[in-house]
Each structure stands twice: as structure tokens, then as C-alpha cells.
Amino acid sequence: KYGSLASMEYDLLAMRIYRAAIVKGWKDIEDVFKVAKEKDWGRLYAEISEALGEAAWLMTPSEFEAQMRKFADYVAPKPHYFNVVYEAFRKEAYEQARIAARISLARFPDDKDMKREADYLETLIREKQKK
């Protein structure tokens with residue numbers, strides 16, 4: 001009756017990821033990934049990949065790794081994988097950023113650009129940790 005929620009719908013799904021990371025509600029994160037796969041919208045993939053990366057600091061590395069593996073199970077478009085990596089980096093969740101990069105490389109093992117980005121990530125982390 002009122003049409004699409006448009007960008008508000010994306011924001012709501014991103015907030016589900018943040019909330020789930022805080023309360024350790026892993027099924028909620030997986031449900032968001034399922035919606036993204038069902039809709040198959042580039043902007044939605046971008047929104048949830050950024051949300052997962054931004055929420056990385058709220059998870060232990062092992063918790064994050066489990067969620068990133070689910071992300072890889074549901075999210076196919078390659079460009080969104082390093083969204084997760086760099087958002088985790090921006091939140092200073094360096095170990096989680098490395099985990100996301102490692103899982104991304106495993107998902108696309110022959111991608112030279114991803115390998116270059118993973119190497120660059122290590123350079124950025126080293127520079128940040130020097131300070």
C-alpha cells in the first residue's frame with residue numbers, strides 16, 4: 001500500500017546485524033544474509049557487508065570468523081567482500097579484518113586483485129600499529 005521502504009529497509013537490516021553482534025544473536029545475522037541472497041540487490045549487499053565489518057569489533061575473532069563464513073555462504077558478489085575487510089579495519093578490529101581477508105581470498109583463490117588488497121591491508125595494519 002505504501003510502497004518500498006527503499007533505503008530505510010537497508011538500514012533496518014544493517015541494524016539487525018549490529019544488534020545481533022551485541023546480543024550474540026547469530027541466527028539474526030544469518031537471516032539478514034538470507035534476505036540479501038533472496039533480493040540479490042547490489043545496494044543491499046553493500047549495506048550489509050559494511051554493517052558486518054563495522055560490527056566486527058563487537059565480536060571476538062572466532063565469533064566474527066563464524067559470521068564471515070556464513071556471509072561467504074550467502075553473498076556471492078565479489079566486490080562486497082572487501083567492504084567487510086575495510087570496515088573492520090576502520091573500527092580497528094585488525095584481527096577480524098585479517099580473518100575477513102583470508103576468507104575472501106579462500107572464496108576467490110585466483111583473484112589477483114584480492115591478493116593485492118590483502119597485502120595492502122597488512123601494510124595498513126603495520127602502519128597503524130606503529131603509532
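Colleague: What makes D40 count as buried or exposed?

Modeller: D40 has a relative accessible area of 51%. Exposed means over 50%, buried under 20%, and partly exposed in between, with a 1.4 Å probe and protein chains only. D40 is therefore exposed. The model is predicted, so local features need pLDDT of at least 70 and side-chain atom pairs pLDDT 80 or more, while totals for chains, interfaces and linings use all residues. Residues are numbered from 1 along each chain as its sequence is written, and side-chain values use heavy atoms, leaving out hydrogens and water.

Colleague: Where does D40 lie, and what is its phi?

Modeller: D40 lies in the loop between helix 2 and helix 3 (42-54). Its phi is positive, about 55 degrees, although D40 is not a glycine. Helices here are DSSP runs of H or I with at least four residues, strands are runs of E with at least two, and both are numbered from the N terminus.

Colleague: What makes E92 count as buried or exposed?

Modeller: The relative accessible area of E92 is 56%, and E92 is therefore exposed. This residue is found in the loop between helix 5 (81-90) and helix 6 (94-107). E92 is not a glycine either, yet has a positive phi of about 60 degrees.

Colleague: How do you know whether helix 1 is roughly parallel or antiparallel to helix 2?

Modeller: Helix 1 (residues 7-23) and helix 2 (residues 26-39) pack at an angle of about 155 degrees, their axes 7 Å apart. The axes are lines fitted to C-alpha atoms over the stretch in contact, and angles run from 0 to 180 degrees between N-to-C directions. Angles under 35 degrees count as roughly parallel, over 145 as roughly antiparallel, 65 to 115 as roughly perpendicular and the rest as oblique. Helix 1 is therefore roughly antiparallel to helix 2.

Colleague: Which residues of helix 1 and helix 2 meet?

Modeller: Contact means heavy atoms within 4.5 Å. E9, L13, R16, I17, R19, A20 and A21 in helix 1 meet W26, D28, I29, D31, V32, F33, V35 and K39 in helix 2.

Colleague: How do you know whether the chain agrees with a compact globule?

Modeller: The globule rule is 2.2 Å times the number of residues to the power 0.38, with the radius of gyration taken over C-alpha atoms. For 131 residues a compact globule would have a radius near 14 Å; the chain has 15 Å, which agrees. The C-alpha trace spans about 55 × 30 × 20 Å along its principal axes. The chain has seven helices and zero strands.
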